[in-house]
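Me: I am new to this structure and would like to learn how to read it. Could you take me through some of its features, one at a time?

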Amino acid sequence: MDDAHEHTYACPMHPEVTGKKGDTCSKCGMPLEHKDVTSDAAAATYRMDFRMEPAQPEMNKPVKLVFTPRLVGQENQPVALDVVHEKKLHLIITSSDLRVFDHIHPEYQADGSYVVEHRFPEGGPFLLFADYKPTGGDHQMTRLEANVEGPVLPPSEIKAEQRMGKADGYEMTIDAKAAFATGSLQHFLATVTKGGKPVDANVFENYLGEKAHVVIIGAKDKDYLHVHPVVENGAFDLHATFPTPGFYKGWFQFQTGGKLHVIEFVLNVEQGEAGDGHADHDHASSEEGTHAH
């Protein structure tokens with residue numbers, strides 16, 4: 001193994017972010033891991049085939065969502081997926097205006113596909129974000145679309161920041177010392193209270209291997225970030241890099257007593273100054289989207 005190969009490190013969730021041993025990801029803060037750049041899997045290109053049964057889904061009727069990962073150029077070769085946060089495939093479903101949200105997990109089938117039954121709660125356009133990691137390959141995120149037959153509600157426009165949200169008697173508040181901006185890693189705390197009293201995040205049950213999951217999607221460009229906050233002093237420490245300015249809607253998920261709670265929030269991200277960020281990392285996003293863990 002030569003010296004250059006030995007010192008190639010990349011983020012496990014953002015393979016485009018590279019550096020040296022001991023560095024952390026400029027997008028999500030995770031420690032960079034050694035990457036075997038000579039492996040065929042690491043250099044491979046993947047796609048996610050998608051179909052629905054029936055092909056035209058209807059509002060409030062069951063539809064089978066079928067996902068099959070493919071290796072480009074070797075489409076007949078099965079693609080194994082790693083278990084990431086207790087699942088091989090994470091699927092985020094939102095209406096195009098981000099009013100509707102769901103986080104579900106298609107299950108592996110003998111033919112190499114991943115299948116889940118779903119009911120779309122309303123008609124109109126929906127976005128599906130398939131989040132997965134081929135074994136030995138880079139982390140992938142594929143954005144797909146579905147048009148659902150049924151009454152279509154007027155689009156819900158996001159017009160203002162909302163750093164506080166409520167659900168099931170819990171209240172979550174995001175505290176940031178400065179305005180959010182593009183181009184550099186943003187750190188912000190989220191605290192949870194119930195009945196006006198702080199709740200120690202350590203008492204929450206593990207949900208998919210974490211105390212909380214946070215999905216954030218840009219209202220305009222639909223930039224996608226999947227954040228896994230860490231617990232510090234009873235609060236949640238979140239970190240993410242926003243690729244474009246504008247409003248971002250988020251869903252904060254945590255579990256108590258076997259019940260999953262989902263709290264919505266909205267962040268307003270301003271354009272950062274030129275040169276913001278980490279000069280020693282590549283911040284380019286794929287055409288399929290952005291993901292942060």
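Me: How many bridges join strand β8 to β9, and do they run parallel or antiparallel?

Reply: Strands of a sheet pair through backbone hydrogen bonds, either parallel or antiparallel. Here two bridges join β8 (residues 107-108) to β9, and the strands run antiparallel. Strands are DSSP runs of E, at least two residues long, and helices are runs of H or I of at least four, numbered from the N terminus. Two strands count as paired if DSSP finds at least two bridges between them. Before going on, note that this is a predicted model, in which local features need pLDDT of at least 70, side-chain atom pairs count only at pLDDT 80 or more, and totals for chains, interfaces and linings use all residues. Residues are numbered from 1 along each chain as its sequence is written, and side-chain values use heavy atoms, with hydrogens and water left out.

Me: What is the mean pLDDT of the chain, and where does pLDDT stay under 50?

Reply: pLDDT is the predictor's confidence in each residue, from 0 to 100. The chain has a mean of 87, and 84% of its residues reach 70 or more. Values stay under 50 over residues 1-6, for which the model has seven contacts (heavy atoms within 4.5 Å) beyond four places in sequence. They also stay under 50 over residues 275-293, where the model has 62 such contacts.

Me: Which residue in β9 is the bridge partner of Glu 107?

Reply: The partner of Glu 107 is Val 115. The hairpin of β8 and β9 has five residues between the strands, and in it Gly 112 takes a positive phi near 95 degrees. Strand β9 also pairs with β5 (residues 63-71), in the antiparallel sense over five bridges. In that pairing, Leu 65 has Val 116 of β9 as its bridge partner.

Me: Why is strand β9 described as largely enclosed?

Reply: A residue is buried under 20% relative accessible area, exposed over 50% and partly exposed in between (1.4 Å probe, protein chains only). Four of the five residues of β9 (residues 114-118) are buried, so the rest of the structure largely encloses this strand.

Me: Is Ala 146 buried or exposed, and what does it touch?

Reply: Ala 146, found in strand β11 (residues 140-148), is buried, with a relative accessible area of 4%. Leaving aside residues up to four places away in sequence, Ala 146 touches Met 52, Phe 120, Gly 124, Pro 125, Phe 126 and Leu 128.

Me: What is the order of the open sheet of three strands?

Reply: The order is β2-β1-β3, with antiparallel pairing. Its edge strands are β2 (18-19) and β3 (33-34), each pairing on one side only. Within this sheet, two bridges join β1 (residues 9-10) to β3, and Tyr 9 stands opposite His 34 in β3.

Me: How many aromatic pairs does the structure hold?

Reply: A pair of aromatic rings is described by the distance of the centres and the angle of the planes. Rings of Phe, Tyr and Trp (its six-membered ring) pair if their centres lie within 6.5 Å; planes under 30 degrees apart count as stacked, over 60 as edge-to-face and the rest as tilted. The structure holds 14 aromatic pairs. One of them is Tyr 170 with Phe 204, edge-to-face at 6.4 Å centre to centre and 85 degrees between the planes. Both Tyr 170 and Phe 204 are buried.
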